[in-house]
Amino acid sequence: MHHSPAGENYMSYPKGFSTWIVTLDHKRIGLMYLASVLFFFLVGGIFALLIRLELFAPGGQYMTAQQYNEFFTYHGTIMVFLVIIPMIPAALGNFVLPMMLGAKDVAFPRINLFSYYLYCAGAIIAVSTMFFGGVDTGWTFYTPYSTTTATNSALMLCAAFIIGFSSIFTGLNFMATVHRLRAPGQGWMKLPLFVWAIYATSIIQVLATPVLGLTLALIAIEKTFGFGIFDPALGGDPVLFQHFFWFYSHPAVYIMVLPAMGVINEIIPTFSRKPIFGYKAMAGAIFGIALVAFVVWGHHMFTSGQTDFVNMLFSLITMFVAVPTGIKVFSWVATMYKGSLHFETPMLWAQAFLLVFVIGGLTGVILATLAADIHLHDTYFVVAHFHYVMVGGTLMGFMAGLHYWFPLMFGKMYNEFWGKVACVIVFIGFNLTFFPQFIAGQKGMPRRYFDYIPEFRIYNELSTIGSALIGFGFVIALFYFVYALVWGKKIVGKNPWRALTPEWEADCPPATENFHHDVVVTHGPYDYVGERA
Amino acid sequence: MADKVTAFKEHHHAHHFRNDEHQFETAKQGMWVFLLQEVLFFSPLFVGYLIFKFMYFQDFHDASKHLDWVMGAVNTVILIVSSFTVARAISSAQKGNRDGVVENLIFTFICGLGFLIVKYLEYSHKFHDGLLPGHFFSNPELLETAPHANLFFTFYFLMTGLHGIHVVGGLVVFAWLLKRALNNEFGPKYYTPLECAGLYWHFVDLVWIYLFPLLYLVG
Ligand SMILES: [Cu+2]
C-alpha cells in the first residue's frame with residue numbers, strides 16, 4: 001500500500017476511477033457500499049410510496065392487485081437484503097470498524113472487495129427479475145406459493161442466495177479483524193461498543209445466513225425441478241421450510257438491529273460527555289441478544305400447527321429477549337442522566353431511535369404472547385411492529401451514525417439546522433405512518449391485501465400522509481448532504497465531536513493508510529470523566 | 001529429502017499485518033470461520049434427511065438398500081488417503097521440500113478425480129434404474145413397495161451433489177496450488193494457502209465420513 005503524499009487523503013489518492021473499482025482500501029469499499037445502499041434505499045422507498053399511494057383509499061386506484069403484490073415483494077426484498085442488512089455493517093462498519101481498532105485495513109481486503117461485488121451481482125439479478133417475469137411471493141418466499149407462482153421467484157431466490165454470501169464474507173472478515181487487528185493496549189474491555197455490536201452481528205451472519213442460503217436454493221430447485229422436499233404431494237413438508245427460513249430470518253432481525261445499537265452506544269456517551277453506564281453489562285447484553293436470537297424462531301409459526309408445548313416454549317424464550325434489550329435501553333438513559341447533553345443531529349437521531357425502538361420492542365413482547373398473537377398474526381399490527389424495529393431501529397441508527405461519521409468520512413460538515421429539520425420531519429412522518437397501523441391491525445386489518453373495508457380508511461389515510469412526510473424528510477437530507485459534499489467547508493482540525501474512540505485520531509478525511517502514527521490505546525473508549533457540565 | 005536447495009520466492013506480508021506469523025494466524029482463523037459457515041450450510045440437508053428418515057422409516061430403509069455400499073466405501077478410502085497426502089504436502093513445505101509438495105499435491109488431485117469418477121459411475125447407475133429425486137422417480141419396484149423412496153433419493157442427490165461440488169472446488173484449488181508450488185512459492189516461511197486448502201479438504205473429507213454411514217450403511 002502506498003502512503004499518501006502530504007495533503008492527499010484516501011479519496012484523492014490514488015487517483016482515477018480505475019483505482020476505485022479494484023481498491024482494497026476498506027474506506028473506499030465502505031463508501032461504495034454506502035452509495036449502493038443509499039441507491040437501493042431510494043428504489044425500495046419508491047416502492048413503499050407506491051404501496052401507500054394505492055392504499056390511500058379502498059379499492060383499486062393506480063395498479064392491479066397483481067402489480068400491488070409485486071410492488072410489496074420488491075419493497076420487502078430490496079429493503080431487507082439490499083438495504084437494512086448491509087446498511088450499517090457493510091457501509092459504516094467497513095469504514096470505521098478497522099479504524100476503531102487502530103488498524104490499517106480489515107483482515108482480508110480482497111475478500112472484502114469480493115463481497116462487495118457479490119452484493120452488486122445479487123443486486124443486479126434482483127433488479128433484473130422485474131424484466132423477467134416479476135416476483136410476487138413477498139420477501140419470505142413461503143412455499144407452496146413460491147414454488148408454484150407463475151412469476152420468476154427462482155431468479156429472485158438466486159439473487160438472495162448470492163447476497164447472503166456477500167453478508168457471510170463480510171461477517172467472516174470482521175470477526176477475524178476484531179480478533180487479530182486490535183491496537184496494542186486494546187483489550188476486549190477497551191473496545192468501543194460499536195465493535196462489540198458488529199462482532200456479535202458477524203457471528204450471526206456467519207452462523208445463520210448459510211442456513212437461509214441453502215434453504216432458498218432448495219426452494220429454487222423445487223420450483224425449477226420439483227424435487228418434493230416441501231411438497232406434500234411428494235411426501236414433503238412445507239412447514240419445514242418455515243422452520244429453516246425463520247432459523248435465519250429471526251436472527252436476521254438482530255443482524256439489522258445490533259449494529260444500530262452499536263451506533264447509539266457511541267453517540268450517547270459522546271454527546272452526554274459521560275462514560276457509558278455499565279460497559280460490561282452493555283457488551284454482555286449484545287451477546288445475550290445474539291445468543292437468544294437463535295432459539296426463538298418458532299414465534300413466527302404460532303399458527304402453523306406447532307404443538308402447544310412448542311408454542312409455549314418459543315413464546316417464553318422470546319420474552320427473554322426483552323431482558324438484555326431492556327438493559328441496553330436503561331443503560332442509555334442512565335448514561336444521559338445528569339450528563340452535559342449536546343443535541344446535535346447525531347444525538348437527535350439517537351433520541352428518535354430510543355423512542356421508536358422502545359415501542360418496537362414492547363410491541364414485540366405483545367406479539368410473543370401466544371393468545372395475543374393468534375389474534376394479531378398476519379395483521380398490520382405485525383407490519384407496524386417490525387417497521388418500528390427495522391425503520392425506527394436500524395434506519396434511524398444508521399442516520400445517527402451517518403451524521404456522526406460524516407465529517408470523518410468526507411472532511412466536510414453538513415448543515416446542522418437542516419439536519420435537525422430533516423430528523424424531526426422523518427420522526428413525525430414515521431410515527432404518523434406506522435402508529436395508525438397498530439390500531440388498524442388490532443382491529444383486524446390483514447397485511448398484504450390490495451384492498452380493505454371502508455372502516456380502515458382513516459388509518460390508511462394517515463399512514464399514507466405519514467409516508468409522504470418520511471419521503472420529504474429524506475429528500476431534505478439528500479439535499480444538504482450533497483450540498484455539504486460539493487460546497488461544504490472543510491473541517492479544521494480533527495475530531496469535531498471530541499470523541500475518545502480511536503477512529504477520531506485520524507485526519508478528517510483520513511489518509512490512505514488511516515493514521516500517521518501507530519495507534520496505542522491507553523484509555524477506555526468513553527472515559528469522559530472530568531468533562532461533566 | 002531436500003538434497004538440492006530450492007530458492008523460494010520471497011513473500012511479503014500485507015501492510016496491515018505486523019509480520020508473516022500474524023498474517024498466517026489470521027488467515028487460518030478466517031478459514032476456520034469459513035468452515036463453521038460450511039457446517040451450517042450443510043446442516044439443513046442433514047436435519048431434513050433425519051426428519052424424513054424418521055417420518056418414512058421403512059421407505060428410507062428400503063430405498064437405501066439400492067445404494068452400492070462398496071462404491072461408497074471405495075470413495076471413503078480415497079478421501080481418507082487424500083487427506084493424508086494433503087497433510088504431507090504441508091509438512092513438505094514446512095521442511096522446504098518443493099518436490100514433496102508437488103508430488104503430494106498431484107496425488108491428492110488424482111484422488112479427488114478418482115472420487116468423482118466413482119461418483120459418476122454411481123450416479124449413472126441410479127439414473128439407469130430410475131432412482132431419481134421427486135417426480136423424476138421411476139423405479140418400478142420401489143414405486144410399488146416404498147411410496148416415499150423418491151424423497152430418499154432427493155436427499156441422496158442433494159447431499160452427495162453438494163458434497164461433490166465441494167470436491168470439484170477442491171480440485172480447482174489444488175490445480176492452482178500446484179501451479180504456485182511449481183513456481184517455488186511455498187517454503188518453510190510461507191505456506192498459508194496450502195494450510196488453508198488442507199483445512200478445507202479435511203472438512204470435505206469429514207462431511208463424506210458422515211454421509212457414507214448415514215446414506216449407505218444405516219439402512
Ligand atoms: Cu422473530
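User: What do the side chains of Glu195(B) and Lys28(B) form?
Analyst: They meet in a salt bridge, 3.7 Å from N to O. By salt bridge I mean a side-chain nitrogen of Lys or Arg within 4 Å of a carboxyl oxygen of Asp or Glu. Glu195(B) lies in helix H7 (residues 192-217) of chain B and Lys28(B) in helix H1 (residues 20-55) of chain B, so the pair ties together parts that are 167 residues apart in sequence. Helices here are DSSP runs of H or I with at least four residues, strands are E runs of at least two, and both are numbered from the N terminus.

User: Before I go on, what am I looking at, and how are things numbered?
Analyst: This is a predicted model, where local features need pLDDT of at least 70 and side-chain atom pairs count only at pLDDT 80 or more, while totals for chains, interfaces and linings use all residues. Residues are numbered from 1 along each chain as its sequence is written, chains are lettered from A and ligands numbered from 1 in the order in which they are written, and side-chain values use heavy atoms, with hydrogens and water left out.

User: Back to that pair. Is Glu195(B) buried or exposed?
Analyst: Glu195(B) is buried, at 15% relative accessible area, whereas Lys28(B) is partly exposed at 22%. Buried means under 20% relative accessible area, exposed over 50%, and partly exposed in between (1.4 Å probe, protein chains only).

User: How many salt bridges are there over all chains?
Analyst: Eight, from a search of the whole structure. One of them joins Lys27(A) and Asp25(A), with the closest N and O atoms 3.1 Å apart. Lys27(A) is buried, with 0% relative accessible area, and Asp25(A) is buried too, at 4%.

User: Switching to the metal. Which residues hold the copper ion?
Analyst: The protein donors are His250(A) through ND1, His299(A) through NE2 and His300(A) through NE2, lying 1.7 to 2.0 Å from the copper ion. Donors are N, O and S atoms within 2.8 Å of the metal (3.2 Å for Na, K and Ca); water is not among the atoms, so sites may look incomplete. Along the chain, the donors follow the spacing H-x48-H-H.

User: And how accessible is His299(A)?
Analyst: His299(A) is buried at 13% relative accessible area, while His300(A) is partly exposed at 22%.

User: What about the largest nonpolar core, how many residues does it have?
Analyst: It has 240 residues, and those with the most contacts inside it are Trp405(A) and Phe153(B). Helix H8 (residues 238-272) of chain A gives the most to this core, with 20 residues. A nonpolar core is a set of buried Ala, Val, Leu, Ile, Met, Phe, Trp, Tyr and Cys residues joined through side-chain atoms within 4.5 Å.

User: Which residues does Phe153(B) touch?
Analyst: Not counting residues up to four places away in sequence, its contacts include Ala63(B), His66(B), Leu67(B), Leu131(B) and Phe137(B). Contact means heavy atoms within 4.5 Å.

User: Last one: how many helices and strands are there in chain B?
Analyst: Seven helices and zero strands. Buried residues make up 53% of the 219 residues in chain B. The C-alpha atoms of chain B fill a box of roughly 65 × 35 × 25 Å along the principal axes. Among contacts in chain B between residues at least 6 apart in sequence, 80% join residues at least 24 apart.
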